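Open the model in your viewer and keep the selection panel at hand. This tour goes from stop to stop, with something to select at each.

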Amino acid sequence: MFVRWEQQTVELDASARLPGYRDVTVRHFDAPEAVDTRFYEVQAKSILNRVPEASQVPFRWTVNPYRGCTHACVYCFARPTHEYLEFDAGRDFEREIVVKVNAPERLRAELARSGWQREHVALGTNTDPYQWVERRYELMRGIWEALRDARNPCSVLTKSPLLLRDLDLMLELNAVTDFSAALSIPTLEQKAWRATEPRSPSPSARLEAVAELSKAGIKTGVLVAPLMPGINDSPEQVREVVRLATEAGAGYITGIALHLRRGVREVFMEWLADQRPELVSQYEAAYRRGAYMPVAERRRLTRLLEGPLVPPRERFTRVLQIEPKVVQAPQPAYPATAQTSLF
């Protein structure tokens with residue numbers, strides 16, 4: 001069966017199955033951005049996800065309309081979550097994307113429950129809600145409308161300027177509740193960007209989004225994360241991000257050192273051996289004891305966000321997790337510390 005959607009051919013496959021979902025439809029878009037990618041449409045049983053109490057992030061609830069991410073960032077924290085769907089954390093995470101097509105309706109229903117306490121809801125804490133296919137499904141508009149109507153505090157973290165499509169709804173949210181946005185910009189250097197985030201929007205477009213959001217009065221931050229030794233940690237690279245983010249009106253800038261958990265580590269090290277073999281021994285030594293690099297190295301990365309190009313200290317937060325079990329006091333807007341679980 002074939003249908004037309006925005007002048008793109010869509011193939012429907014009703015034979016697919018996913019653990020935890022009863023009915024699944026798979027769509028194949030013939031757009032260049034979606035070559036060899038399958039999108040699994042599912043009906044989510046619930047959409048508000050409670051964050052474990054042991055988590056270090058300063059919020060307890062998240063919404064993730066997509067699982068898997070076409071940005072294909074080699075360091076992405078969320079890669080191992082695909083294994084729960086019997087996919088792998090490598091190629092499948094980038095090409096087998098789960099779409100919770102009823103996310104807006106489920107969220108509206110769950111926000112209306114009598115026991116809901118209007119706690120902060122964070123978006124973009126697992127995979128990017130504004131990845132490429134959001135242009136087709138437009139789930140985020142319905143999600144923002146549900147949060148606006150419930151006057152529920154919320155925030156979003158993304159690598160995509162596509163969020164500007166929904167600026168009208170963000171302004172409405174900002175008028176009735178606490179709302180903030182953050183853009184992840186690990187580097188502006190073209191080679192490092194393309195190598196580590198092969199299908200993400202350009203960093204310069206993300207900076208333009210920061211400027212537009214800030215100009216509109218939205219609390220907006222920038223995450224220089226993850227910082228990866230030998231890849232995007234030169235002082236010149238980092239300070240250029242800081243300088244341009246400051247000029248764009250960022251309300252805070254955060255840097256976070258790369259950490260490599262099981263699943264992510266294997267993907268990243270395979271990429272490193274292929275793309276930057278001269279760094280393999282350095283990374284093996286740095287992460288030989290676990291997911292976190294040595295404290296001294298994290299402190300060095302912390303200092304990259306200091307210096308004459310950094311604006312007044314009170315405008316910024318630098319959360320690099322010097323000790324994995326200790327988190328510095330977060331800023332009022334969540335994304336500054338949320339990335340401790342993203343990378």
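Start with Cys 76, which counts as buried at 11% relative accessibility (buried means under 20% relative accessible area, exposed over 50%, partly exposed in between, with a 1.4 Å probe and protein chains only). This is a predicted model, in which local features need pLDDT of at least 70 and side-chain atom pairs pLDDT 80 or more, while totals for chains, interfaces and linings use all residues. Residues are numbered from 1 along each chain as its sequence is written, and side-chain values use heavy atoms, without hydrogens and water.

**Stop 1: the cysteines**

Now select Cys 69. Its closest cysteine sulfur is also in Cys 73, at 6.3 Å, again too far for a bond. Cys 69 is buried, with a relative accessible area of 5%. How many disulfides does the whole structure hold? A search finds zero (a disulfide is a pair of cysteine sulfur atoms within 2.5 Å).

**Stop 2: the whole chain**

Zoom out and switch to cartoon. The chain has twelve helices and 13 strands. These are DSSP runs numbered from the N terminus: helices are H or I with at least four residues, strands are E with at least two. Of the 343 residues, 57% are buried. Among contacts with a separation of 6 or more, 73% join residues 24 or more positions apart (contact means heavy atoms within 4.5 Å).

**Stop 3: helix α8**

Select residues 235-247, which form helix α8. At 1.5 Å a residue, its 13 residues should span 18 Å, and the end C-alpha atoms are 18 Å apart, which agrees (the expected span is 1.5 Å times one less than the number of residues). Which residues of α8 are buried? They are Gln 237, Val 238, Val 241, Val 242 and Ala 245. These cover an arc of only 135° around the axis, so they sit on the same side of α8 (the arc is that of the directions from the helix axis to the C-beta atoms). An α-helix has 3.6 residues a turn, so residues three or four places apart point the same way.

Show the cover next. It includes α6 (190-196), α7 (203-215), β12 (219-227) and β13 (252-257). On the face turned away from the buried side, find the exposed Glu 236 and Glu 247. Just after α8, Gly 249 takes a positive phi of about 95°.

**Stop 4: helix α2**

Select residues 103-111 for helix α2. Its buried residues are Ala 103, Pro 104, Leu 107, Glu 110 and Leu 111. Seen down the axis, they fall within an arc of 135°, so they line one face of α2. They pack against β5 (48-50), β6 (61-63), β8 (96-100) and α4 (139-150).

**Stop 5: a buried glutamate**

Go to Glu 134, in helix α3 (residues 134-137). Is Glu 134 buried or exposed? It is buried, with a relative accessible area of 0%. Leaving aside neighbours within four places in sequence, its contacts include Tyr 66, Met 140, Arg 141 and Arg 165.

**Stop 6: the aromatics**

Show the rings. The structure holds ten aromatic pairs (rings of Phe, Tyr and Trp, the last by its six-membered ring, pair if their centres lie within 6.5 Å; planes under 30 degrees apart count as stacked, over 60 as edge-to-face and the rest as tilted). Select Tyr 283 and Tyr 287: their ring centres are 6.0 Å apart and their planes at 15°, so the pair is stacked. Tyr 283 is buried at 2% relative accessible area, and Tyr 287 at 1%. Finish with Phe 29, Phe 39, Trp 132 and Tyr 137, which form one aromatic cluster.
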